[in-house]
Amino acid sequence: MKRIAIFASGSGSNFQSIVDSVKKGQLDAEVALLVCDKPGAFVIERAQNENIPSFIFSPRNYEDKAAFEREILKELQARDIDFIVLAGYMRLIGPTLLQAFSNRIVNIHPSLLPAFPGKDAIGQAFTAGVKVTGVTIHYVDEGMDTGPIIAQRAVDVLDDDSWETLQQRIQACEHELYPLVIQKLLSTVMA
């Protein structure tokens, strides 16, 4: 069974979706570690409720990105992590982790990339007035949401949508799609 680490910075809804998929037998993996860069994030409570170990850090306590990524790497190696899943982790991954986990780091983004990369993709979609947005799962590279796309699913922007209603539908799509894609990657790419 593959051991995954989930990196998250916020409420952890995708974290919970992945954990729930494991518990239901829909995802054949072990969530072996949460990595969180926001000591007050709700995802930490979710991990505690699931008895999943956490590595929680504050980037400002380190000299630079390389320094905290070396600490993260030690945690990943100590737990024999096979694969990294970003789930609302609001930092770019640097060379330390990219080299150690080449082609084994994936991210989920709430738009149909390459449209609306970076923060507030839902707000960007609203401002642009698009009729369709969606969800993208991609490999992580050194850029901002620039890695090779693995899977995408469209979500219509309805005439009466608010930011909140669109976010709810995008998150529902994420929660369904991400565990399916992770399972496929673990069973084919990492077989």
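Strands are DSSP runs of E with at least two residues, numbered from the N terminus. The close-ups below come from a predicted model.

**View 1. D145, in the loop between β6 and β7.** D145 sits in the loop that joins two strands, β6 (132–139) and β7 (149–156). Its phi is near 60°. That is a positive value, and D145 is not glycine. Most residues other than glycine have a negative phi. Is D145 buried or exposed? Its relative accessible area is 14%. The cut-off for buried is under 20%, so D145 counts as buried.

View 2. The loop runs between β5 (105–109) and α5 (121–128), and P114 lies in it. The peptide bond from L113 to P114 is cis. Its omega is near 15°. Most peptide bonds are trans. F116 belongs to the loop between β5 and α5 as well. Phi of F116 is positive, near 60°, in a residue other than glycine. F116 has 16% relative accessibility, so it counts as buried.

**View 3. Helix α3, from end to end.** Helix α3 spans residues 65–78, 14 residues in total. How far does α3 reach from its first C-alpha to its last? The span is 20 Å, close to the 20 Å expected at 1.5 Å a residue. At the start of α3, D64 makes an approach through its side chain. A side-chain oxygen of D64 comes to within 3.3 Å of the backbone nitrogen of A66. After α3 comes D80, with a positive phi near 50°.

**View 4. The buried residues of α3 and their packing partners.** Which residues of α3 are buried? They are A67, F68, E69, I72, L73 and L76. Several elements pack against the buried residues of α3. Four strands are among them: β1 (2–8), β2 (29–36), β3 (54–56) and β4 (83–86). Helix α4 (95–100) packs against these buried residues too.

**View 5. Q16, a buried glutamine in helix α1.** Q16 is placed in helix α1, residues 13–23. Its relative accessibility is 13%, so Q16 counts as buried. What does Q16 touch beyond its neighbours within four places in sequence? With those neighbours left aside, Q16 is in contact with R46 and E50.

Conventions:
Residues are numbered from 1 along each chain as its sequence is written. This is a predicted model: local features need pLDDT of at least 70, side-chain atom pairs count only at pLDDT 80 or more; totals for chains, interfaces and linings use all residues. Side-chain values use heavy atoms; hydrogens and water are left out. Buried means under 20% relative accessible area, exposed over 50%, partly exposed in between (1.4 Å probe, protein chains only). The expected span of a helix is 1.5 Å times one less than its number of residues. Contact means heavy atoms within 4.5 Å. A polar contact is a pair of N or O atoms within 3.5 Å; within protein, one must be able to donate a hydrogen and the other to accept it, and residues adjacent in sequence count only if both atoms are side-chain atoms.
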